[in-house]
Amino acid sequence: MTAPKLPARLAALNDEINVTAEAWVWLKTNLAYLTGAVAVLVIGVILARLLSRWADRALTGNSRIEPTVAKFLSNIIKYALWSIVAITVLTQFGVQTTSIIAALGGLALAVGLALQGTLSNVAAGVMILIQRPFRVGEYITAGTVAGSVQAIGLFTTEILQLDGLYVMVPNNELWNKAVVNHSRMPTRRFELVVPINYEDDLRAARAAMLELANSDPRVLADPAPVAFVAALADNSVRVGLRVWCMTGDYLALSWALNEGVKLKFDELGLTIPTGVAPAPAAAR
């Protein structure tokens with residue numbers, strides 16, 4: 001293989017010199033922009049880290065904000081700050097960021113449309129964590145779902161039913177339904193309505209129900225228990241008992257009063273008409 005001729009070598013060397021000269025001229029011309037871009041990058045990185053840490057401490061240290069929401073908002077702030085730094089640095093380098101921002105906006109819109117259902121669950125999860133219609137450990141009813149809340153995430157809420165079944169509910173379904181929180185308030189009212197025959201002693205029935213309520217330590221004295229005639233039906237007189245108790249005692253007390261009223265009526269010879277059942281108590 002023959003060596004290249006001298007004129008070809010000189011031409012290649014001349015091209016290299018021209019490229020180096022052009023690079024040097026460009027560097028001298030844009031040195032101020034490069035220095036500014038590096039300064040913006042360094043200062044932006046430092047500020048973004050400081051502000052991200054400050055936001056994370058402020059959000060996670062606030063007891064009124066759920067930890068999941070605090071971390072979610074902290075990440076949003078961090079990514080937003082880094083995006084601002086990146087766009088500012090590109091602008092200092094002379095890059096036209098308008099088209100980049102427009103492209104990112106279009107990409108975000110496409111992703112949002114593709115993940116519409118998922119994002120609606122995230123939005124509902126954030127609203128649930130902020131508004132707190134229920135907390136972990138509380139018993140709720142929402143639509144056809146009823147149980148104790150085990151965990152609240154950004155996408156789903158985990159619920160354990162009374163029969164031991166585990167249910168994972170999308171947050172959007174919970175947010176769009178009326179939620180009944182059975183555990184939020186410290187006290188609850190229990191009401192029992194029992195039918196008796198028209199021939200039975202109404203006053204004895206009322207007195208027996210009040211005596212049963214007053215003898216149970218779980219029944220609160222204020223508001224005081226009340227026994228009353230709920231209705232005069234076609235074939236029975238419906239006698240009601242209304243008591244207040246602590247929320248944690250509600251279920252056990254409802255069972256005890258139902259059983260106690262039946263046994264007490266048997267002792268007094270009061271009859272519950274056949275085919276007329278007592279008004280059902282709430283399951284929780």
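Tutor: Before we start, helices (H or I, at least four residues) and strands (E, at least two) are DSSP runs, numbered from the N terminus. This is a predicted model, in which local features need pLDDT of at least 70, side-chain atom pairs count only at pLDDT 80 or more, and totals for chains, interfaces and linings use all residues. Residues are numbered from 1 along each chain as its sequence is written, and side-chain values use heavy atoms, with hydrogens and water left out.

Student: Fine. Where does Pro223 lie?

Tutor: Pro223 is in the loop between α6 and β7 (226–232). The peptide bond joining Asp222 to Pro223 is cis, with omega at about 0 degrees.

Student: And at what angle do α6 and α7 pack?

Tutor: Helix α6 (residues 202–214) and helix α7 (residues 250–268) pack at about 135 degrees, and their axes are 10 Å apart. Axes here are lines fitted to C-alpha atoms, for helices over the stretch in contact, and angles run from 0 to 180 degrees between N-to-C directions. The two helices are therefore oblique to each other. Angles under 35 degrees count as roughly parallel, over 145 as roughly antiparallel, 65 to 115 as roughly perpendicular, and the rest as oblique.

Student: Which residues of α6 meet α7?

Tutor: From α6 there are Ala204, Ala205, Ala208, Met209, Glu211, Leu212 and Ala213; they meet Leu257, Gly260, Val261, Lys264, Phe265 and Leu268 in α7. Contact means heavy atoms within 4.5 Å.

Student: What are the buried residues of α7?

Tutor: Tyr250, Leu251, Leu253, Ser254, Leu257, Gly260, Val261 and Phe265. Buried means under 20% relative accessible area, exposed over 50%, and partly exposed in between (1.4 Å probe, protein chains only).

Student: What do the buried residues pack against?

Tutor: The buried residues of α7 pack against β6 (187–196), α6 and β8 (237–246).

Student: What happens just after α7?

Tutor: Gly269 takes a positive phi there, about 75 degrees. Gly269 counts as partly exposed, at 46% relative accessibility. Its C-alpha is separated by 9.2 Å from that of Asp201, 68 residues apart along the chain.

Student: New topic. What is phi of Arg132?

Tutor: Phi of Arg132 is near 55 degrees, a positive value in a residue other than glycine. Arg132 sits in the loop between α4 (116–131) and β1 (139–142).

Student: Is Arg132 buried or exposed?

Tutor: Arg132 is buried, with a relative accessible area of 18%.
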